[in-house]
Amino acid sequence: MGHFYYETFNRDNVELVDVSGNAVDDITPTGVRLADGTEYEADVIVFAMGFDAMTGSLTSVDVRGRGGVTIAEKWRGGPRTHLALTVDEFPNFFMIAGPQIPFANAPVMIEPAAGWIGEAISYMREHGHTRIEPTAQAVAAYNEQCETFFNATVFPAGEKIRSWFVGANIPGKPHGVALYFGGYPNYIQEVRREAEGGFTHYRFSAVRDARPSVGVAGS
């Protein structure tokens, strides 16, 4: 949110209209008319149609893992990742600014994420591996962390206000914790610990004539 976002609502020339029970019915020559007939004049109308945050850029593409399972099928109960970088059963698939990244400015997270991916690929090459994949246990543990931190905030109320934080703004979208609320410093510590510890929460394998590949996705 930008500066003075909330303060704007308290200005004398600003009126906040709840359309959840009185929907927009028509756009008139002079503004907007609601279902009950109330009209509001407007010089400019901004159509904010909603967005499929965090997972939409992935589930709308035919991303497939082991056995042909799509990422949409994998996340039918909500997003589940390890460190917001990888997904179990999706070998060599890396994400940048994907689901369950910290609740922070995205640019500061891109560099360490890209660096971590580079280190993972270098580690594979140095040890003769061609595949890397997080364990299901590591994904479950990270998802539990995300849920714990999320439930310690006021954001669970998003279920009632159709918040994109849980995917509730998209009809039919599976609800799940799509962000890490444990703080950027804690997240970076975990990312660094994984790389410096030799990627202990990952399984490696080698396939003849195969090379490590990178699938990169953003939110």
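Modeller: A residue is called buried when its relative accessible area is under 20%, exposed when it is over 50%, and partly exposed in between, with a 1.4 Å probe and protein chains only. The model is a predicted one, so by definition local features need pLDDT of at least 70 and side-chain atom pairs count only at pLDDT 80 or more, while totals for chains, interfaces and linings use all residues. Residues are numbered from 1 along each chain as its sequence is written, and side-chain values use heavy atoms, with hydrogens and water left out.

Asparagine 92 counts as buried because its relative accessibility is 8%. In the chain as a whole, buried residues make up 36% of the 219 residues.

The elements come next. Helices (H or I, at least four residues) and strands (E, at least two) are DSSP runs, numbered from the N terminus. The chain has seven helices and seven strands, in the order α-β-β-β-α-α-β-α-β-α-α-β-α-β. A contact is defined as heavy atoms within 4.5 Å. Of the contacts in the chain with a separation of 6 or more, 62% join residues 24 or more positions apart.

Now the core. A nonpolar core is a set of buried Ala, Val, Leu, Ile, Met, Phe, Trp, Tyr and Cys residues joined through side-chain atoms within 4.5 Å. The largest one has 34 residues, and Leu85, Phe94, Ile101, Trp116, Tyr142 and Tyr187 have the most contacts inside it. At least two residues of this core come from each of α4, α5 (136-151), β6 (179-180) and α7 (184-196). Helix α4 gives the largest share, seven residues. Another core, of eight residues, lies apart from it and includes Leu58, Trp75, Val87 and Phe93.

There is also some empty space. Rolling a probe the size of a water molecule over the atoms shows where such space is left. On a 1 Å grid over the protein atoms alone, a cavity is a set of points where a 1.4 Å probe fits but cannot get out, and its lining residues have an atom within 4 Å of a point. Grid points are joined across faces, edges and corners, and the volume is the space filled by probe spheres set on the points. The structure holds one cavity of 30 Å³ or more, and the largest cavity contains about 50 Å³ of space. Its lining consists of Ala84, Leu85, Met95, Ile96, Ala97, Ile101, Met109, Ile110, Ala113 and Tyr187. Helix α4 (residues 106-126) supplies the largest share of that lining, three residues. By class, the lining has 10 nonpolar, no polar and no charged residues; here Ala, Val, Leu, Ile, Met, Phe, Trp, Tyr, Cys and Pro count as nonpolar, Asp, Glu, Lys and Arg as charged, and the others, Gly among them, as polar.

Tryptophan 75 belongs to the eight-residue core. This residue lies in the loop between α3 (71-74) and β4 (101-102), and it is buried because its relative accessible area is 4%. Not counting residues up to four places away in sequence, tryptophan 75 touches Thr55, Leu58, Thr59, Arg80, Thr81, Val87, Met95, Pro99 and Pro174. Its C-alpha is 10.0 Å from that of valine 87, which is 12 residues apart from it in sequence. A polar atom of its side chain lies 3.1 Å from the backbone oxygen of arginine 80.

Asparagine 92 sits in the loop between α3 and β4 and has a positive phi of about 60°, although it is not a glycine. Methionine 54, also not a glycine, has a positive phi of about 70°. Its place is the loop between β3 (39-41) and α2 (56-59), and it counts as buried because its relative accessibility is 6%.

Threonine 135, in the loop between β5 (131-134) and α5, is buried at 15% relative accessibility. Beyond its neighbours within four places in sequence, it is in contact with Asp88, His201, Tyr202 and Arg203. Histidine 201 lies in the loop between α7 and β7 (202-205) and is partly exposed, because its relative accessibility is 38%. Among the residues that histidine 201 touches are His82, Glu133 and Thr135.

Technical notes. 1 Å grid on protein atoms, 1.4 Å probe; cavity = no way out; pocket = protein on both sides within 12 Å on 5 of 7 lines; lining within 4 Å. Polar contact = N/O pair within 3.5 Å; in protein donor to acceptor, adjacent residues only side chain to side chain.
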